[in-house]
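Thank you all for coming. Please take a moment with the sequence and the structure, and then we will go through some of the strands together.

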Amino acid sequence: LSAGTLTVTGTAADERLRVERDGYELLVLEGTTELGRFASSAVTGITIDAGGGTDVAIVGDGVAQPVNVRGGDGDDKLVSGGGAAALAGDAGDDQL
């Protein structure tokens, strides 16, 4: 978290990234592994770069902050939350 922007960065591997609302916090997961928790009130925007691989990036419906999601190379599935969203699949056969 830097200057209000929560940044989630993937790798070249296949990943399942999620940002969910959990009470007053935003929970960041890769699969079932918790990567971090952040006060929702401190987050003004979310940026996800899934990187290469066949990735899934999901921002839950309870997340109201604006999101910018890039799938990177690979066949990706990108799902936005309850706020404004910009989704870019990049190279591959993507689902937005």
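This is a predicted model: local features need pLDDT of at least 70, side-chain atom pairs count only at pLDDT 80 or more; totals for chains, interfaces and linings use all residues.

Which way do V56, A57, I58 and V59 point from strand β6, and are they buried or exposed? In strand β6, which covers residues 56–59, V56 and I58 point one way while A57 and V59 point the other way, and all are buried, where buried means under 20% relative accessible area, exposed over 50% and partly exposed in between, with a 1.4 Å probe and protein chains only.

Residues are numbered from 1 along each chain as its sequence is written, and side-chain values use heavy atoms, with hydrogens and water left out.

Strands here are DSSP runs of E with at least two residues, numbered from the N terminus, and two of them pair if DSSP finds at least two bridges between them. Strand β6 pairs in the parallel sense with β2, residues 16–22, over four bridges, and A57 is the bridge partner of L17. With β8, residues 77–79, strand β6 pairs in the parallel sense over three bridges, and there I58 stands opposite V79.

Turning to another group, four strands form an open sheet with parallel pairing, in the order β1-β5-β7-β9. Because β1 (5–9) and β9 (85–88) stand at the edges with a single partner strand each, one side of each is left without a neighbour in the sheet. Within this sheet, β7, residues 67–70, runs parallel to β9 and is joined to it by four bridges, with A88 in β9 as the bridge partner of R70.
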